[in-house]
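Reader: I'd like to go through this one feature by feature. Could you give me the general idea each time, then the case at hand?

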Amino acid sequence: MTNTFITLLESKDALLADGATGTNLFNMGLQSGDAPELWNVDEPKKIEALYQGSVDAGSDLFLTNTFGGTAARLKLHDAQRRVRELNMAGAELGRNVADRAERKIAVAGSVGPTGEIMEPVGELSHALAVEMFHEQAEALKEGGVDVLWLETISAPEEFRAAAEAFKLADMPWCGTMSFDTAGRTMMGVTSADMAKLVEDFDPAPLAYGANCGTGASDILRTVLGFAAQGTTRPIISKGNAGIPKYVDGHIHYDGTPELMGEYAAMARDCGAKIIGGCCGTMPEHLRAMREALDTRSRGDAPTLDQIVSVLGPFSSDSDGTGDDASAGGERRRGRGRRRA
Amino acid sequence: MSDDADDIILAELNDEELVQQMFDDLYDGLKEEIEEGVNILLERGWAPYKILTEALVGGMTIVGADFRDGILFVPEVLLAANAMKGGMAILKPLLAETGAPRMGSMVIGTVKGDIHDIGKNLVSMMMEGAGFEVVDIGINNPVENYLEALEEHKPDILGMSALLTTTMPYMKVVIDTMVEQGKRDDYIVLVGGAPLNEEFGKAIGADGYCRDAAVAVEMAKDFVSRKHNQMSA
């Protein structure tokens, strides 16, 4: 069986992924607080236009509008019983757009976090998380995606649950985490931790990496962190187009297309194979990224200083790995006392 | 019962050592040990308010500082807060009986369209850890919910949380409505959530943007003490 995503991954030097979903849909009139996934059924033309925007800007693959498509997220909109319908619709629209294109385009079925904290610190059980991810995965598969795409995860437990669900659905997958807290994920996972984590799975993800987070510089430091682990697995970098600013009632990301072009070329030099944007990344950013990847030659991995001089400062001094494993210093308390 | 070198008999420690040990146990998220420590201090005649402020709040302040500095992460803080809660459950009825002073109160909730409650829960727990009374109105709150809760509980502070770029603009809807109804100045409005920043907080008319739960507590203390000073001036 030939799979468009795998073919692209094997035949191309670097793949351009897509940009933002939410930011683009807001520009099409989505209201704050509404579920983007409902538009797969209610506003299919707009969702096609979203996908088409990535294709026309030069993306090799795009993610479906199904980020909040688990029952856990849809229940907020009282749509928890529409998981199959909404995910299938989002996938089918994507399949149509990709199949109409003149070049090979892969459709990646987006799967975002449940929004709940998993056991033992939280309430969500592993079994229930697997069940919810599995339900979504089957619907995306049925809708015709080439690959499942887990994104914006912060807890290793949730990553594991999704991986198990994808195996149940018998689908190839990719997975990214969001490193937004002093170089780590909110739950404390470092880039080195994640590089090890992904090797635990059978099947392992076809590619793994980082998305969202806090700006272009931070995500490149994370990519360098993956590469430093000697990973041979393709690395994904989908960073935000700068930092969110509030302008006239809307969120505007301050990263220019030029900056995102620089980011794309540097991401490849850092070792990323699949490069895209996240929040704030519009088609004009993607065009600049496409051009940078096509016209610039590959260079050596940049130093941290070079990243800062081109893309701006990091949000924290350390990325939480290595000798200074605690970004801010020593733990002030605690003796690791065990229960008697 | 004996568990090598880690075995510490809390009842054999003097007050000072016990409080230090409770700081460690809070940091390590050991709920049963915290409950035991609280009960020992009560037996020794400590006032509930003194236990709250010196042992529990003191310990959580350290947890908060290490969370702020990127040394502890969400899972450890949740465990610490859970241990704190165990101690608070013992103290709460006693505090009410003894008429202990109040730090202040807060209504908190995640805005409409947003079901994320991790950040909000952390802030709730850290605020309770600092001795505040917290009314948590949950996730996905339209402006009406906030206004009703403010009316009912008359808190010092309104806290709003959002994790998504798609939902953070709704905070302005809430604040604008408060302004329209002439209620904005009755409350301290604090906002927080991953995609926000200080500039955003200012732009929508909040009193403060809280980068994390530890900052939220510091800011809440600061604003509440200023408010009380104003009232007594």
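Reader: Let's start with burial: is A:Ala207 buried or exposed?

Author: Bear in mind that this is a predicted model. To judge burial, count the C-beta atoms around a residue; 20 or more within 10 Å makes it buried. A:Ala207 has 23 C-beta neighbours inside 10 Å, so it counts as buried. A:Ala207 sits in strand E6 (residues 207-212) of chain A. Leaving out residues up to four places away in sequence, A:Ala207 touches A:Cys174, A:Arg233, A:Pro234, A:Ile235, A:Ile236, A:Lys273 and A:Ile274.

Reader: And which element holds A:Leu286?

Author: A:Leu286 belongs to helix H12 (residues 283-295) of chain A. With 30 other C-beta atoms within 10 Å, A:Leu286 is buried. Sequence distance and spatial distance are separate things to read. Beyond its sequence neighbours within four places, the contacts of A:Leu286 include A:Leu16, A:Ser54, A:Ala57 and A:Thr281.

Reader: Where does H4(B) kink?

Author: At B:Leu91, by about 40 degrees, shortly before the proline B:Pro93. Just past the end of H4(B), B:Gly99 has a positive phi of about 60 degrees.

Reader: Now the core. Which residues touch the most other members of the largest nonpolar core?

Author: A:Ala108 and B:Met126 do, in a core of 176 residues. H4(B) supplies the largest share of this core, ten residues. Domain 1 (9-98) and domain 2 (105-232) of chain B both give residues to the core, so it lies between them. As for A:Ala108, its contacts beyond four places in sequence include A:Phe5, A:Phe62, A:Val145, A:Trp149 and A:Cys174.

Reader: How do I read the contact between those two domains, and how many residues does each give?

Author: Start with the bounds, then the separation, then who takes part. The domain assignment of chain B gives domain 1 (9-98) and domain 2 (105-232). Their C-alpha centres lie 26 Å apart. Domain 1 of chain B puts 14 residues into the contact, and domain 2 of chain B puts in 13 residues. On the domain 1 side, the elements giving two or more residues are helix H3 (48-68) and H4 of chain B. H3(B) provides the largest share of that side, nine residues. By class, the domain 1 side has eleven nonpolar residues, two polar and one charged.

Reader: Last one: how many residues of chain A and chain B are in contact?

Author: In general, the size of an interface is often given as the accessible area lost when the parts come together. Here we go by residues: 39 of chain A are in contact with 41 of chain B. On the chain A side, helix H2 (22-27) and strand E8 (244-247) are the elements giving two or more residues. The largest share of that side, three residues, comes from E8(A). The chain A side has 13 nonpolar, 14 polar and twelve charged residues.

Notes
Residues numbered from 1 in each chain as written. Chains lettered and ligands numbered in written order. Predicted model: local features only at pLDDT ≥ 70, side-chain atom pairs only at ≥ 80, totals over all residues. Bend = angle between axes of the 7 residues up to and from the residue. Helix = DSSP H or I, 4+ residues; strand = E, 2+ residues; numbered from the N terminus. Core = buried A, V, L, I, M, F, W, Y, C linked by C-beta atoms within 7 Å. Buried ≥ 20, exposed ≤ 12 C-beta atoms within 10 Å, placed from the backbone. Domains from an automatic or database assignment. Contact = placed C-beta atoms within 7 Å. Nonpolar A, V, L, I, M, F, W, Y, C, P; charged D, E, K, R; others polar.
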